[in-house]
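Visitor: I would like to go through this model with you, one question at a time. Please give the cut-offs behind each term as we meet it.

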Amino acid sequence: MTTAVQQDTARPAGAAAAVRALYASRVPAGVVVGPGGHAVTPEDRRSAGRPVDLPWLAGSGIRVVAGLGPPTVDRHPGWLLDLARLRLGLGRALLEATTGFLTGRGLIGHQLVRAALAEVVAEHLTVAAALDDAAAPDPADALIDAHERISVADRALLRLSGAAGYTVPGPGLDAHVSELLADVYLPDARVCRG
Amino acid sequence: MADRLGLLRDQVRDWAQDLRPYGDALDRDPGVVERLLHLPIMAWSARLQIPAAYNPDPLVLGGETFYLTGSAERTVFCAEVARADLGMMLALPGASMAGTLVSVIGDEAQRAWFYGRLRERPTWTFFGLTEPGGGSDAAALRTRGVTRGDEVVLTGAKRYVSNAVRAALGVVFFRSGDSPLSVGAALVEAGTPGLRVAPIETIGVRGAQLGAITLDAARIPADRVLGRHRSPVRRGMWGWLRTFNLLRPTVAGMAVGVAWAAYDYAREHRDALSHAGRESLEPTRRRIEAVHRMTVRAAESVDRDPGNGAQASAAKLTAADLAAEVTRDVLGRLGPGARVEHPRLERLARDARALDLMEGTGNVQRLSLATAYLRSLV
């Protein structure tokens, strides 16, 4: 159920809307604080801490807060799984956007381009299988792997987008927010080696 | 993994242990497999992969019945046997790829004949598709089948055909004209006048004993042409594509098995790992687990819709890459001279290379998957 909700929100509406929807469904009040005392939250959520000035997030409806003290992510069971599903949804949206971009540029017929897209499709299927298997014996580590794979797949897509993936607004922005979510909430530094 | 498939996995894993001691011997002498027919895994491989209508003796485990005809069951089976030894996996007797094609496009009489032959005794089968110079490209197929009365005369050549040397029967793809609809396949017996088989030496999977088949006006009864009861669009290429869709996850399963085998090897030889090589194997284990899970899902997907092989392509290309990566990684962990000091691992690395080639190379799968994605099939 959560899979559908998060991914459906993430795919058409983008990262900020997906984060707002996630909070609305999972966090009735307050914010979820990551291991470093940071949070990514809807703009209208009240919290202590220090808002971080990120010009590229202006107007998106979400914000980043620092200096929040002890992490609370452990008090929100399923948060990392929800985030992974959200991020996979964003990754799939990025795949669609990249495909549209490449089609528009007349590049979609190139075998090198198709092969790169296929690698991402295969990676998304692998991640989706991992996230759907609630019986996995090592959910925490497997989840971190899934997050990392999503980041790597996103980076591969951005390489296909050229400068179009580097503008605000643009498909690269959601990928960047997606990495930011991983950065703030994952328990170690394995966020993106793309 | 669903409990039902878990039952099968556990049983096959147990049986497959019998094969491990013979892997090296098989690598040196493909004939070794013929001396292992008393092993349960051999007997069951020969007797399964036959549809319920023709098989009164399926495998029953914990009240569940297995015929090993679906892609998911076969994928689980292949992964476990390959985890013991990929060469052995490819050298097993039974219906194998030819059986899948017969089940997809064969008529009642053809199925009864083919499966009846397999039930008589452990029998190897071959799948004669690939041609010299043309690979497995349907458009490039050059073997000709010309109907003369109640016979079809086959002329052409096939290459890299697994078990060709020891097989008693199999299928041969041919074309009867120039259009895509003229591609067909026929059941052919070893010993047919005009059919010759020669072994091909390979670097890895030597147990599969690849062969080259030459067809020099080989005459077969016309009723051995598969799918004669079907319309031209529902045989040949149609059956071929469905057969490959069903088989591709099994190759992915084999690749996952090889990756597990290399991982197992590293764990069993922990003391031999170099200082740098002792870095945790946990990420490797989790990656294999994730690809294994995705592979079984792909097999279940193609069981539901054999016409859509997109997930099967994804599984095959991902798992084949994984097998190559993990075997190389474990060799690296064992330090200089690992290929000399660890012959089983060296064989695994050789065997893993074959997985990229089987049922379409990784690059072919990438292009197929991209096309499927662009058509919203995945």
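Visitor: How many salt bridges does the rule find across the interface of chain A and chain B?

Guide: This is a predicted model, in which local features need pLDDT of at least 70 and side-chain atom pairs count only at pLDDT 80 or more, while totals for chains, interfaces and linings use all residues, and side-chain values use heavy atoms, with hydrogens and water left out. Residues are numbered from 1 along each chain as its sequence is written, chains are lettered from A, and ligands are numbered from 1 in the order in which they are written. A salt bridge is taken as a side-chain nitrogen of Lys or Arg within 4 Å of a carboxyl oxygen of Asp or Glu. By that rule, the number of salt bridges across the interface of chain A and chain B is five.

Visitor: In the salt bridge between Arg286(B) and Asp141(A), how far apart are the closest N and O atoms?

Guide: Side chains of opposite charge can pair when their charged atoms come close. For Arg286(B) and Asp141(A), the closest N and O atoms are apart by 3.5 Å.

Visitor: Which residues are linked with Glu119(A) in a network of salt bridges?

Guide: A search of the whole structure finds 32 salt bridges over all chains. In one network of salt bridges, Glu119(A) is linked with Asp321(B) and Arg366(B).

Visitor: What is the area buried between chain A and chain B?

Guide: The size of an interface is often given as the accessible area lost when the parts come together. Here buried area is the accessible area (1.4 Å probe) that two parts lose on being put together, summed over both. Carbon and sulfur atoms give 61% of the area buried between chain A and chain B, and the total is about 2,200 Å².

Visitor: Which three residues supply more of the area that chain A buries against chain B than any other three?

Guide: In terms of contact, meaning heavy atoms within 4.5 Å, 27 residues of chain A meet 20 residues of chain B. A share of 24% of the area that chain A buries against chain B, more than any other three residues supply, comes from Arg114(A), Leu125(A) and Thr126(A).

Visitor: Which element gives the largest share of the side of chain A that touches chain B?

Guide: Helices (H or I, at least four residues) and strands (E, at least two) are DSSP runs, numbered from the N terminus. Two or more residues on this side come from each of α3 (79-104), α4 (111-132) and α5 (139-161) of chain A. The largest share, 14 residues, comes from α4(A).

Visitor: Is Thr75(B) buried or exposed?

Guide: Thr75(B) is found in helix α4 of chain B, and, beyond its neighbours within four places in sequence, Thr75(B) is in contact with Pro249(B), Thr250(B), Gly253(B), Thr295(B) and Ala299(B). Buried means under 20% relative accessible area, exposed over 50%, and partly exposed in between (1.4 Å probe, protein chains only). Because its relative accessible area is 1%, Thr75(B) counts as buried.

Visitor: Why is helix α6 of chain B largely enclosed by the rest of the structure?

Guide: The buried residues of α6(B) are Ala98(B), Gly99(B), Thr100(B), Leu101(B), Val102(B), Val104(B) and Ile105(B). The cover over these residues includes α4 (71-84), α7 (108-120), β3 (125-128), β6 (169-175), β7 (183-189) and α8 (237-268) of chain B. Helix α6 (residues 96-105) of chain B is largely enclosed because the residues that are buried number seven of the ten.
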